[in-house]
Amino acid sequence: MLSKRNVVLLKIVLFLFALNLLTLFLYFTSHSKQSPLPSSLTLPNSHSNHLFNGHNDRFLKPWPILPSYLPWSHGSPPPSRSCEAYFGNGFSDRQDLLTPANHAADGWFRCFHSDTLRSSVCEGGRIRMDPGRVRMSRGGEGLEDVIGRKEEEEMPKFEYGAFEVDGGPGLRGVPRRLAGDEFLDRYVPGNGIAMHTMRGLLESAQVVGSTHFDCPEWVEEPTLLVTRFEYANLFHTITDWYSAYVSSRVTGLPNRPNVVFVDGHCMAPMEETWKALFSGIRYAKNFSGPVCFRHAILSPLGYETALFKGLSEEINCNGASAQDLWQNPNDQKTARLSEFGEMIRASFGFHLNRHRVGKPVSGYNVLFVRREDYLAHPRHGGKVESRLSNEQEVFDSLNNWASNHHVCKVNLVNGLFAHMSMKVQVRAIQDASVIIGAHGAGLTHIVSALPKTVILEIISSYYRRPHFALIARWKGLEYHAINLDGSHANPKIVIDNLSSIMRSLGC
(Lines give C-alpha, C1' and ligand atoms only; values in the text may rest on other atoms or scores of the structure.)
Protein backbone atom coordinates (compact mmCIF):
# COMPACT_ATOMS: atom_id res chain seq x y z
CA MET A 1 0.00 0.00 0.00
CA LEU A 2 1.20 3.48 -0.89
CA SER A 3 1.54 5.93 1.95
CA LYS A 4 -0.37 9.22 1.82
CA ARG A 5 2.92 11.04 1.13
CA ASN A 6 3.78 8.76 -1.79
CA VAL A 7 0.28 9.20 -3.24
CA VAL A 8 0.72 12.96 -3.15
CA LEU A 9 4.14 12.70 -4.82
CA LEU A 10 2.70 10.41 -7.51
CA LYS A 11 -0.08 12.90 -8.22
CA ILE A 12 2.47 15.72 -8.53
CA VAL A 13 4.61 13.67 -10.96
CA LEU A 14 1.56 12.79 -13.06
CA PHE A 15 0.46 16.45 -13.10
CA LEU A 16 3.90 17.64 -14.26
CA PHE A 17 3.99 14.93 -16.92
CA ALA A 18 0.56 16.01 -18.21
CA LEU A 19 1.62 19.66 -18.17
CA ASN A 20 4.74 18.88 -20.23
CA LEU A 21 2.65 16.92 -22.74
CA LEU A 22 0.27 19.87 -23.02
CA THR A 23 3.17 22.28 -23.55
CA LEU A 24 4.61 20.11 -26.34
CA PHE A 25 1.17 19.82 -27.94
CA LEU A 26 0.71 23.60 -27.93
CA TYR A 27 4.21 24.14 -29.31
CA PHE A 28 3.82 21.82 -32.27
CA THR A 29 0.21 22.73 -33.07
CA SER A 30 1.03 26.44 -33.06
CA HIS A 31 3.95 25.78 -35.41
CA SER A 32 1.73 23.82 -37.78
CA LYS A 33 -0.74 26.70 -38.06
CA GLN A 34 1.44 29.01 -40.09
CA SER A 35 -0.05 32.13 -41.67
CA PRO A 36 -1.22 31.28 -45.19
CA LEU A 37 1.12 32.46 -47.93
CA PRO A 38 0.29 32.99 -51.57
CA SER A 39 1.09 29.91 -53.57
CA SER A 40 3.72 31.79 -55.54
CA LEU A 41 6.02 30.72 -52.70
CA THR A 42 5.61 27.09 -53.67
CA LEU A 43 7.37 27.42 -57.01
CA PRO A 44 11.08 26.93 -56.37
CA ASN A 45 11.91 26.49 -60.07
CA SER A 46 15.32 28.04 -59.72
CA HIS A 47 18.25 25.86 -58.69
CA SER A 48 20.58 28.71 -57.73
CA ASN A 49 22.61 28.04 -54.59
CA HIS A 50 23.41 31.13 -52.55
CA LEU A 51 25.77 30.60 -49.67
CA PHE A 52 24.96 31.89 -46.19
CA ASN A 53 27.73 31.17 -43.68
CA GLY A 54 29.19 28.78 -46.24
CA HIS A 55 26.14 26.50 -46.49
CA ASN A 56 23.35 26.20 -49.00
CA ASP A 57 20.37 28.45 -48.32
CA ARG A 58 17.96 25.51 -48.71
CA PHE A 59 19.09 24.00 -45.41
CA LEU A 60 17.50 25.97 -42.59
CA LYS A 61 17.85 25.36 -38.88
CA PRO A 62 14.72 24.18 -37.05
CA TRP A 63 13.29 26.14 -34.16
CA PRO A 64 14.42 24.68 -30.83
CA ILE A 65 11.84 23.61 -28.26
CA LEU A 66 11.77 26.39 -25.66
CA PRO A 67 10.30 25.85 -22.17
CA SER A 68 8.94 29.43 -22.08
CA TYR A 69 7.40 29.29 -25.55
CA LEU A 70 3.75 30.33 -25.86
CA PRO A 71 1.80 30.38 -29.16
CA TRP A 72 2.31 33.47 -31.32
CA SER A 73 -0.99 33.17 -33.17
CA HIS A 74 -4.07 34.47 -31.39
CA GLY A 75 -7.78 34.08 -32.01
CA SER A 76 -8.20 37.78 -31.32
CA PRO A 77 -5.68 40.64 -31.09
CA PRO A 78 -4.14 41.25 -27.68
CA PRO A 79 -5.35 44.39 -25.85
CA SER A 80 -3.53 47.59 -26.78
CA ARG A 81 -0.54 48.33 -24.53
CA SER A 82 -0.75 44.88 -22.95
CA CYS A 83 2.46 42.92 -22.39
CA GLU A 84 1.70 40.68 -25.36
CA ALA A 85 1.14 43.76 -27.54
CA TYR A 86 4.54 45.13 -26.51
CA PHE A 87 6.67 41.98 -26.41
CA GLY A 88 4.74 39.41 -28.45
CA ASN A 89 2.41 39.42 -31.41
CA GLY A 90 0.66 42.77 -31.28
CA PHE A 91 1.13 43.03 -35.06
CA SER A 92 -2.52 42.25 -35.70
CA ASP A 93 -3.57 44.89 -38.25
CA ARG A 94 -2.92 43.24 -41.62
CA GLN A 95 -2.61 45.47 -44.66
CA ASP A 96 -2.23 43.96 -48.14
CA LEU A 97 -0.32 46.18 -50.54
CA LEU A 98 -0.15 43.68 -53.37
CA THR A 99 -2.20 40.53 -53.82
CA PRO A 100 -1.40 38.17 -56.69
CA ALA A 101 -3.87 38.14 -59.58
CA ASN A 102 -2.39 34.87 -60.82
CA HIS A 103 -1.51 32.76 -57.80
CA ALA A 104 0.88 30.64 -59.82
CA ALA A 105 3.46 33.32 -60.59
CA ASP A 106 2.75 36.80 -59.23
CA GLY A 107 4.43 38.58 -56.37
CA TRP A 108 2.69 39.75 -53.19
CA PHE A 109 3.33 42.09 -50.29
CA ARG A 110 1.68 42.84 -46.96
CA CYS A 111 2.38 44.44 -43.58
CA PHE A 112 1.27 43.60 -40.06
CA HIS A 113 0.96 46.76 -37.99
CA SER A 114 1.14 47.20 -34.22
CA ASP A 115 -0.69 50.23 -32.85
CA THR A 116 1.09 49.72 -29.53
CA LEU A 117 4.62 49.83 -30.96
CA ARG A 118 3.65 52.09 -33.89
CA SER A 119 5.62 49.90 -36.30
CA SER A 120 5.05 47.10 -38.81
CA VAL A 121 6.48 43.74 -39.80
CA CYS A 122 6.26 43.47 -43.59
CA GLU A 123 6.74 40.50 -45.90
CA GLY A 124 6.43 39.70 -49.54
CA GLY A 125 7.16 37.21 -52.30
CA ARG A 126 9.06 37.53 -55.57
CA ILE A 127 11.06 40.56 -54.46
CA ARG A 128 14.09 41.74 -56.38
CA MET A 129 16.96 43.61 -54.70
CA ASP A 130 19.47 45.54 -56.80
CA PRO A 131 22.50 46.22 -54.56
CA GLY A 132 23.78 48.65 -57.20
CA ARG A 133 20.89 50.98 -56.34
CA VAL A 134 21.68 50.96 -52.62
CA ARG A 135 24.34 53.54 -51.85
CA MET A 136 26.49 52.36 -48.94
CA SER A 137 29.84 50.73 -48.25
CA ARG A 138 30.29 47.07 -49.10
CA GLY A 139 30.08 45.79 -45.53
CA GLY A 140 31.55 42.70 -43.93
CA GLU A 141 35.14 43.94 -44.03
CA GLY A 142 37.61 43.44 -41.23
CA LEU A 143 37.59 46.32 -38.73
CA GLU A 144 41.27 47.04 -39.24
CA ASP A 145 40.66 47.56 -42.97
CA VAL A 146 38.13 50.39 -42.57
CA ILE A 147 39.47 52.45 -39.66
CA GLY A 148 38.17 56.01 -39.94
CA ARG A 149 35.23 55.23 -42.21
CA LYS A 150 32.27 57.51 -41.49
CA GLU A 151 29.01 56.12 -40.21
CA GLU A 152 26.97 57.75 -42.98
CA GLU A 153 28.95 55.73 -45.52
CA GLU A 154 27.71 52.53 -43.86
CA MET A 155 24.00 53.41 -43.75
CA PRO A 156 21.88 52.62 -46.84
CA LYS A 157 20.42 55.26 -49.13
CA PHE A 158 17.93 53.70 -51.51
CA GLU A 159 17.50 54.81 -55.10
CA TYR A 160 14.09 54.34 -56.71
CA GLY A 161 13.87 50.75 -57.90
CA ALA A 162 16.39 49.39 -55.38
CA PHE A 163 13.63 46.91 -54.54
CA GLU A 164 11.00 45.63 -56.96
CA VAL A 165 8.03 43.31 -56.60
CA ASP A 166 6.70 41.20 -59.46
CA GLY A 167 3.26 42.59 -60.31
CA GLY A 168 2.47 39.80 -62.75
CA PRO A 169 2.03 39.72 -66.53
CA GLY A 170 -1.10 41.86 -66.35
CA LEU A 171 0.84 44.90 -65.16
CA ARG A 172 2.02 46.96 -68.12
CA GLY A 173 3.52 50.38 -68.63
CA VAL A 174 5.43 52.47 -66.11
CA PRO A 175 6.25 50.81 -62.75
CA ARG A 176 4.30 52.14 -59.78
CA ARG A 177 5.26 52.72 -56.18
CA LEU A 178 4.59 49.82 -53.85
CA ALA A 179 3.63 52.06 -50.91
CA GLY A 180 2.40 55.65 -51.05
CA ASP A 181 3.16 58.36 -48.52
CA GLU A 182 -0.24 58.06 -46.85
CA PHE A 183 0.30 54.35 -46.23
CA LEU A 184 3.82 54.91 -44.93
CA ASP A 185 2.75 57.71 -42.60
CA ARG A 186 0.10 55.44 -41.10
CA TYR A 187 1.86 52.07 -40.98
CA VAL A 188 5.61 52.82 -41.18
CA PRO A 189 5.94 56.21 -39.46
CA GLY A 190 9.34 57.77 -38.87
CA ASN A 191 8.82 57.69 -35.08
CA GLY A 192 11.32 60.49 -34.64
CA ILE A 193 14.14 58.40 -36.11
CA ALA A 194 16.30 60.68 -38.25
CA MET A 195 17.07 57.98 -40.81
CA HIS A 196 14.30 55.37 -40.84
CA THR A 197 15.83 52.85 -43.22
CA MET A 198 12.83 50.50 -43.39
CA ARG A 199 10.66 53.40 -44.50
CA GLY A 200 13.38 54.45 -46.97
CA LEU A 201 13.46 50.92 -48.40
CA LEU A 202 9.69 50.92 -48.93
CA GLU A 203 9.82 54.38 -50.48
CA SER A 204 12.23 52.99 -53.07
CA ALA A 205 10.18 49.86 -53.80
CA GLN A 206 8.20 49.64 -57.01
CA VAL A 207 5.86 47.13 -58.61
CA VAL A 208 6.84 46.05 -62.13
CA GLY A 209 5.30 43.75 -64.71
CA SER A 210 6.66 40.25 -65.13
CA THR A 211 8.30 41.15 -68.44
CA HIS A 212 10.56 43.61 -66.57
CA PHE A 213 11.11 41.41 -63.53
CA ASP A 214 14.49 39.95 -64.40
CA CYS A 215 15.94 37.48 -61.87
CA PRO A 216 19.34 36.03 -62.75
CA GLU A 217 19.71 34.65 -59.20
CA TRP A 218 17.23 33.46 -56.58
CA VAL A 219 17.24 32.92 -52.83
CA GLU A 220 14.61 30.26 -52.31
CA GLU A 221 14.30 30.24 -48.51
CA PRO A 222 12.71 32.88 -46.26
CA THR A 223 15.11 35.75 -45.63
CA LEU A 224 15.03 38.60 -43.12
CA LEU A 225 16.19 41.99 -44.40
CA VAL A 226 17.76 43.81 -41.46
CA THR A 227 19.37 47.22 -41.09
CA ARG A 228 21.41 47.64 -37.93
CA PHE A 229 22.09 50.86 -36.04
CA GLU A 230 24.81 50.99 -33.37
CA TYR A 231 25.78 47.48 -34.42
CA ALA A 232 28.84 47.33 -32.14
CA ASN A 233 26.81 48.00 -28.98
CA LEU A 234 25.37 44.92 -27.28
CA PHE A 235 22.20 46.59 -26.00
CA HIS A 236 21.24 47.89 -29.44
CA THR A 237 22.26 44.62 -31.09
CA ILE A 238 20.00 42.68 -28.74
CA THR A 239 17.12 44.96 -29.79
CA ASP A 240 17.94 43.96 -33.39
CA TRP A 241 18.04 40.25 -32.47
CA TYR A 242 14.73 40.56 -30.68
CA SER A 243 13.08 42.39 -33.59
CA ALA A 244 14.33 39.73 -36.02
CA TYR A 245 13.09 36.94 -33.74
CA VAL A 246 9.66 38.54 -33.32
CA SER A 247 9.39 39.14 -37.09
CA SER A 248 10.12 35.46 -37.72
CA ARG A 249 7.42 34.39 -35.27
CA VAL A 250 4.83 36.94 -36.41
CA THR A 251 5.14 35.75 -40.01
CA GLY A 252 4.90 32.10 -38.92
CA LEU A 253 8.18 30.89 -40.40
CA PRO A 254 8.47 27.09 -39.96
CA ASN A 255 12.25 27.26 -39.64
CA ARG A 256 14.86 29.84 -38.75
CA PRO A 257 15.37 32.20 -41.70
CA ASN A 258 18.48 33.53 -43.36
CA VAL A 259 19.44 37.14 -42.68
CA VAL A 260 20.68 39.75 -45.15
CA PHE A 261 22.23 42.87 -43.62
CA VAL A 262 21.05 45.86 -45.61
CA ASP A 263 23.85 48.01 -44.26
CA GLY A 264 27.55 48.49 -44.87
CA HIS A 265 28.98 47.87 -41.41
CA CYS A 266 32.19 45.93 -41.01
CA MET A 267 32.37 42.65 -39.14
CA ALA A 268 31.79 42.75 -35.39
CA PRO A 269 31.92 40.18 -32.56
CA MET A 270 28.10 40.13 -32.37
CA GLU A 271 27.97 38.33 -35.74
CA GLU A 272 28.73 35.13 -33.83
CA THR A 273 25.29 35.32 -32.23
CA TRP A 274 23.55 36.36 -35.48
CA LYS A 275 24.96 33.17 -37.03
CA ALA A 276 23.88 31.07 -34.05
CA LEU A 277 20.33 32.48 -33.87
CA PHE A 278 19.52 32.26 -37.57
CA SER A 279 20.30 29.92 -40.45
CA GLY A 280 22.85 32.16 -42.12
CA ILE A 281 23.91 35.76 -42.68
CA ARG A 282 25.10 37.73 -45.66
CA TYR A 283 25.67 41.39 -46.56
CA ALA A 284 23.50 42.93 -49.27
CA LYS A 285 26.47 44.38 -51.14
CA ASN A 286 28.20 40.98 -51.13
CA PHE A 287 25.82 39.69 -53.82
CA SER A 288 27.44 39.95 -57.24
CA GLY A 289 24.36 41.62 -58.76
CA PRO A 290 20.56 41.78 -58.55
CA VAL A 291 19.03 38.93 -56.56
CA CYS A 292 15.44 37.81 -56.06
CA PHE A 293 13.87 36.47 -52.87
CA ARG A 294 11.08 33.94 -52.97
CA HIS A 295 10.05 35.19 -49.52
CA ALA A 296 11.51 38.28 -47.81
CA ILE A 297 10.61 39.72 -44.41
CA LEU A 298 11.37 43.31 -43.39
CA SER A 299 12.30 43.44 -39.72
CA PRO A 300 11.48 46.67 -37.82
CA LEU A 301 14.34 48.73 -36.45
CA GLY A 302 15.65 47.86 -33.00
CA TYR A 303 14.62 51.37 -31.91
CA GLU A 304 11.00 50.25 -32.40
CA THR A 305 11.08 47.32 -29.98
CA ALA A 306 9.70 47.45 -26.45
CA LEU A 307 13.26 46.99 -25.16
CA PHE A 308 14.13 50.45 -26.50
CA LYS A 309 10.75 52.16 -26.20
CA GLY A 310 10.60 51.25 -22.53
CA LEU A 311 13.39 53.76 -21.89
CA SER A 312 11.06 56.65 -22.70
CA GLU A 313 7.52 55.34 -22.09
CA GLU A 314 5.90 53.39 -19.31
CA ILE A 315 5.53 49.69 -20.09
CA ASN A 316 3.69 48.17 -17.16
CA CYS A 317 4.86 44.57 -17.45
CA ASN A 318 6.38 42.04 -15.11
CA GLY A 319 8.06 38.76 -15.95
CA ALA A 320 6.29 35.49 -15.25
CA SER A 321 6.72 31.86 -16.22
CA ALA A 322 4.99 30.54 -19.32
CA GLN A 323 3.34 27.85 -17.22
CA ASP A 324 1.81 30.47 -14.91
CA LEU A 325 0.58 32.53 -17.83
CA TRP A 326 -0.93 29.50 -19.53
CA GLN A 327 -2.89 28.66 -16.40
CA ASN A 328 -3.62 32.27 -15.39
CA PRO A 329 -3.46 34.70 -18.35
CA ASN A 330 -2.51 38.21 -17.31
CA ASP A 331 -2.16 41.20 -19.66
CA GLN A 332 0.37 42.78 -17.28
CA LYS A 333 2.76 39.84 -17.29
CA THR A 334 4.98 38.32 -19.96
CA ALA A 335 7.27 35.35 -20.57
CA ARG A 336 8.49 36.60 -23.95
CA LEU A 337 11.91 37.82 -22.77
CA SER A 338 12.46 34.49 -21.03
CA GLU A 339 11.53 32.75 -24.28
CA PHE A 340 13.99 34.94 -26.18
CA GLY A 341 16.77 34.32 -23.64
CA GLU A 342 16.19 30.58 -24.02
CA MET A 343 16.39 31.03 -27.79
CA ILE A 344 19.85 32.57 -27.44
CA ARG A 345 21.05 29.83 -25.10
CA ALA A 346 19.60 27.05 -27.28
CA SER A 347 21.23 28.56 -30.38
CA PHE A 348 24.62 28.06 -28.73
CA GLY A 349 23.76 24.49 -27.83
CA PHE A 350 23.22 24.99 -24.10
CA HIS A 351 20.69 22.79 -22.28
CA LEU A 352 17.51 24.60 -21.29
CA ASN A 353 16.23 22.26 -18.58
CA ARG A 354 18.57 23.65 -15.93
CA HIS A 355 16.99 24.66 -12.61
CA ARG A 356 18.63 25.86 -9.43
CA VAL A 357 17.44 23.71 -6.55
CA GLY A 358 19.36 23.98 -3.30
CA LYS A 359 23.03 24.85 -3.00
CA PRO A 360 25.16 24.21 -6.10
CA VAL A 361 27.79 21.57 -5.48
CA SER A 362 30.56 23.57 -7.15
CA GLY A 363 29.61 26.79 -5.36
CA TYR A 364 27.78 29.97 -6.28
CA ASN A 365 29.12 31.82 -9.31
CA VAL A 366 29.16 35.59 -8.85
CA LEU A 367 29.83 37.14 -12.26
CA PHE A 368 31.41 40.60 -12.25
CA VAL A 369 30.81 42.12 -15.70
CA ARG A 370 33.80 44.35 -16.45
CA ARG A 371 34.24 47.33 -18.73
CA GLU A 372 37.55 47.27 -20.56
CA ASP A 373 39.22 49.02 -23.47
CA TYR A 374 38.77 47.54 -26.94
CA LEU A 375 38.34 48.79 -30.51
CA ALA A 376 34.60 48.63 -31.18
CA HIS A 377 34.08 50.18 -34.64
CA PRO A 378 35.88 52.28 -37.28
CA ARG A 379 35.19 55.57 -35.46
CA HIS A 380 36.15 54.31 -32.02
CA GLY A 381 39.42 55.26 -30.38
CA GLY A 382 39.66 52.02 -28.41
CA LYS A 383 39.07 53.70 -25.05
CA VAL A 384 35.92 52.73 -23.14
CA GLU A 385 34.36 55.42 -20.98
CA SER A 386 34.57 54.42 -17.33
CA ARG A 387 31.29 54.08 -15.41
CA LEU A 388 33.08 52.88 -12.25
CA SER A 389 36.33 54.73 -11.69
CA ASN A 390 37.71 52.25 -9.14
CA GLU A 391 36.46 49.08 -10.81
CA GLN A 392 39.69 47.14 -10.23
CA GLU A 393 39.68 48.05 -6.54
CA VAL A 394 36.07 46.86 -6.20
CA PHE A 395 36.86 43.62 -8.01
CA ASP A 396 39.93 42.92 -5.87
CA SER A 397 37.94 43.57 -2.68
CA LEU A 398 35.18 41.21 -3.82
CA ASN A 399 37.74 38.59 -4.75
CA ASN A 400 39.33 38.80 -1.30
CA TRP A 401 35.88 38.58 0.34
CA ALA A 402 34.91 35.53 -1.76
CA SER A 403 38.18 33.76 -0.94
CA ASN A 404 37.50 34.13 2.79
CA HIS A 405 33.77 33.39 2.69
CA HIS A 406 33.40 30.11 4.60
CA VAL A 407 29.63 29.82 4.92
CA CYS A 408 29.52 28.45 1.37
CA LYS A 409 31.75 28.42 -1.66
CA VAL A 410 31.62 31.61 -3.76
CA ASN A 411 33.34 31.73 -7.17
CA LEU A 412 33.97 35.30 -8.33
CA VAL A 413 34.08 35.22 -12.14
CA ASN A 414 36.09 37.95 -13.87
CA GLY A 415 33.77 38.95 -16.73
CA LEU A 416 36.21 40.41 -19.23
CA PHE A 417 33.61 40.19 -22.00
CA ALA A 418 35.54 42.23 -24.56
CA HIS A 419 38.02 39.35 -24.80
CA MET A 420 35.50 36.48 -24.71
CA SER A 421 33.56 34.92 -27.55
CA MET A 422 29.81 35.53 -27.47
CA LYS A 423 29.21 31.86 -26.63
CA VAL A 424 31.52 32.03 -23.62
CA GLN A 425 29.79 35.23 -22.48
CA VAL A 426 26.36 33.58 -22.62
CA ARG A 427 27.69 30.54 -20.75
CA ALA A 428 29.05 32.81 -17.99
CA ILE A 429 25.64 34.49 -17.72
CA GLN A 430 23.68 31.23 -17.45
CA ASP A 431 26.12 29.81 -14.88
CA ALA A 432 25.87 32.86 -12.62
CA SER A 433 23.77 32.95 -9.46
CA VAL A 434 24.50 36.67 -9.07
CA ILE A 435 25.52 39.16 -11.76
CA ILE A 436 27.27 42.38 -10.71
CA GLY A 437 28.37 45.21 -12.94
CA ALA A 438 28.55 48.92 -13.52
CA HIS A 439 25.95 50.31 -15.93
CA GLY A 440 27.07 49.24 -19.40
CA ALA A 441 25.90 47.38 -22.49
CA GLY A 442 27.42 44.08 -21.31
CA LEU A 443 24.68 43.78 -18.68
CA THR A 444 22.12 43.37 -21.48
CA HIS A 445 23.17 39.72 -21.45
CA ILE A 446 20.84 39.27 -18.47
CA VAL A 447 18.11 38.46 -21.04
CA SER A 448 19.77 35.02 -21.09
CA ALA A 449 20.02 34.63 -17.31
CA LEU A 450 18.25 31.76 -15.53
CA PRO A 451 15.03 32.59 -13.64
CA LYS A 452 16.46 32.85 -10.11
CA THR A 453 19.52 34.91 -11.01
CA VAL A 454 19.98 38.07 -8.92
CA ILE A 455 21.20 41.32 -10.52
CA LEU A 456 23.26 43.95 -8.65
CA GLU A 457 23.92 47.07 -10.74
CA ILE A 458 26.40 49.74 -9.67
CA ILE A 459 25.14 53.04 -11.10
CA SER A 460 27.22 56.18 -11.48
CA SER A 461 25.36 59.45 -10.92
CA TYR A 462 26.43 60.36 -14.47
CA TYR A 463 24.61 57.35 -15.99
CA ARG A 464 21.30 56.87 -14.20
CA ARG A 465 19.43 54.99 -16.90
CA PRO A 466 16.78 52.30 -16.45
CA HIS A 467 17.92 49.77 -19.09
CA PHE A 468 18.76 46.84 -16.84
CA ALA A 469 16.25 47.47 -14.07
CA LEU A 470 13.59 47.24 -16.79
CA ILE A 471 14.97 44.08 -18.39
CA ALA A 472 15.20 42.44 -14.96
CA ARG A 473 11.59 43.43 -14.24
CA TRP A 474 10.32 42.20 -17.60
CA LYS A 475 12.11 38.88 -17.02
CA GLY A 476 11.01 38.56 -13.41
CA LEU A 477 14.56 38.70 -12.00
CA GLU A 478 15.43 40.02 -8.57
CA TYR A 479 17.19 43.37 -9.03
CA HIS A 480 19.23 45.60 -6.70
CA ALA A 481 21.02 48.87 -7.39
CA ILE A 482 23.83 50.78 -5.70
CA ASN A 483 23.45 54.43 -6.68
CA LEU A 484 26.75 56.29 -6.46
CA ASP A 485 27.51 59.93 -5.87
CA GLY A 486 29.87 60.28 -8.80
CA SER A 487 31.59 57.20 -10.24
CA HIS A 488 33.58 55.94 -7.22
CA ALA A 489 32.16 53.03 -5.23
CA ASN A 490 32.95 52.15 -1.64
CA PRO A 491 34.03 48.49 -1.83
CA LYS A 492 32.59 47.80 1.65
CA ILE A 493 29.13 48.91 0.51
CA VAL A 494 29.33 46.63 -2.54
CA ILE A 495 30.43 43.72 -0.33
CA ASP A 496 27.60 44.41 2.13
CA ASN A 497 25.04 44.36 -0.67
CA LEU A 498 26.46 41.14 -2.09
CA SER A 499 26.58 39.54 1.38
CA SER A 500 22.89 40.33 1.85
CA ILE A 501 22.06 38.76 -1.51
CA MET A 502 24.11 35.66 -0.72
CA ARG A 503 22.31 35.22 2.63
CA SER A 504 18.97 35.37 0.80
CA LEU A 505 20.23 32.51 -1.40
CA GLY A 506 21.03 30.46 1.67
CA CYS A 507 24.73 31.19 1.65
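Asn191 sits in the loop between helix H4 (181-187) and H5. Asn191 is not a glycine, yet its phi is positive, about 55°.

Some ground rules. This is a predicted model, where local features need pLDDT of at least 70, side-chain atom pairs count only at pLDDT 80 or more, and totals for chains, interfaces and linings use all residues. Residues are numbered from 1 along each chain as its sequence is written, and side-chain values use heavy atoms, with hydrogens and water left out.

Now the overview. The protein chain has 14 helices and 24 strands. These are DSSP runs, numbered from the N terminus: helices are H or I with at least four residues, strands are E with at least two. Of the 507 residues, 57% count as buried. The accessible surface comes to about 21700 Å², and 54% of that belongs to carbon and sulfur atoms. Those areas come from the Shrake-Rupley method with a 1.4 Å probe; for residues, only the protein chains shown count as cover.

How far apart in sequence are the contacting residues? Take contacts between residues at least 6 apart: 76% of them join residues at least 24 apart. Contact means heavy atoms within 4.5 Å.

Next, the cores. A nonpolar core is a set of buried Ala, Val, Leu, Ile, Met, Phe, Trp, Tyr and Cys residues joined through side-chain atoms within 4.5 Å. The largest has 66 residues, and Phe87, Trp241, Trp274 and Ile435 touch the most other members. H6 supplies the largest share of this core, 9 residues. Apart from it lies another core, of 34 residues, including Leu97, Met129, Met136 and Leu298.

Look at Trp274. Leaving out residues up to four places away in sequence, Trp274 touches Val226, Arg228, Thr237, Asp240, Trp241, Ala244, Val259, Phe261 and Ile281.

On to helix packing. The axes of H6 (residues 234-250) and H10 (residues 336-347) come within 11 Å and cross at roughly 100°. H6 and H10 are therefore roughly perpendicular to each other. Axes here are lines fitted to C-alpha atoms, for helices over the stretch in contact, and angles run from 0 to 180 degrees between N-to-C directions. Under 35 degrees counts as roughly parallel, over 145 as roughly antiparallel, 65 to 115 as roughly perpendicular, and the rest as oblique.

Which residues meet there? From H6, Ile238, Trp241, Tyr242, Tyr245 and Arg249; from H10, Arg336, Leu337, Glu339, Phe340, Met343 and Ile344. The residues of this contact divide into 8 nonpolar, no polar and 3 charged. Nonpolar covers Ala, Val, Leu, Ile, Met, Phe, Trp, Tyr, Cys and Pro; charged covers Asp, Glu, Lys and Arg; the others, Gly among them, are polar.

Stay with H6 for Ser247. Ser247 is buried, at 1% relative accessibility. Ser247 touches Val121, Leu224, Ile297, Leu298, Ser299 and Pro300, not counting residues up to four places away in sequence. Its C-alpha is separated by 9.4 Å from that of Phe91, 156 residues apart along the chain.

Ile297 lies in strand S17 (residues 296-298). Its relative accessibility is 0%, so Ile297 counts as buried. Ile297 and Phe109 are 188 residues apart in sequence, yet 9.7 Å apart in space, C-alpha to C-alpha. Beyond neighbours within four places in sequence, the contacts of Ile297 include Val121, Pro222, Leu224, Ser247 and Leu253.

Back to H5 (residues 197-204): 7 of its 8 residues are buried, so H5 is largely enclosed by the rest of the structure.

Arg126 next. Its phi is near 60°, positive in a residue other than glycine. Arg126 is in the loop between S5 (119-125) and S6 (127-129), and is buried at 15% relative accessible area.

Last, two polar or charged side chains by class. Asn365, in strand S20 (residues 364-369), is buried with a relative accessible area of 18%. Glu372, in the loop between S20 and H11 (391-403), is buried at 15%. Glu372 touches Val384, Leu416, Phe417, Ala418 and His419, leaving aside residues up to four places away in sequence.

Methods: Buried means under 20% relative accessible area, exposed over 50%, partly exposed in between (1.4 Å probe, protein chains only).
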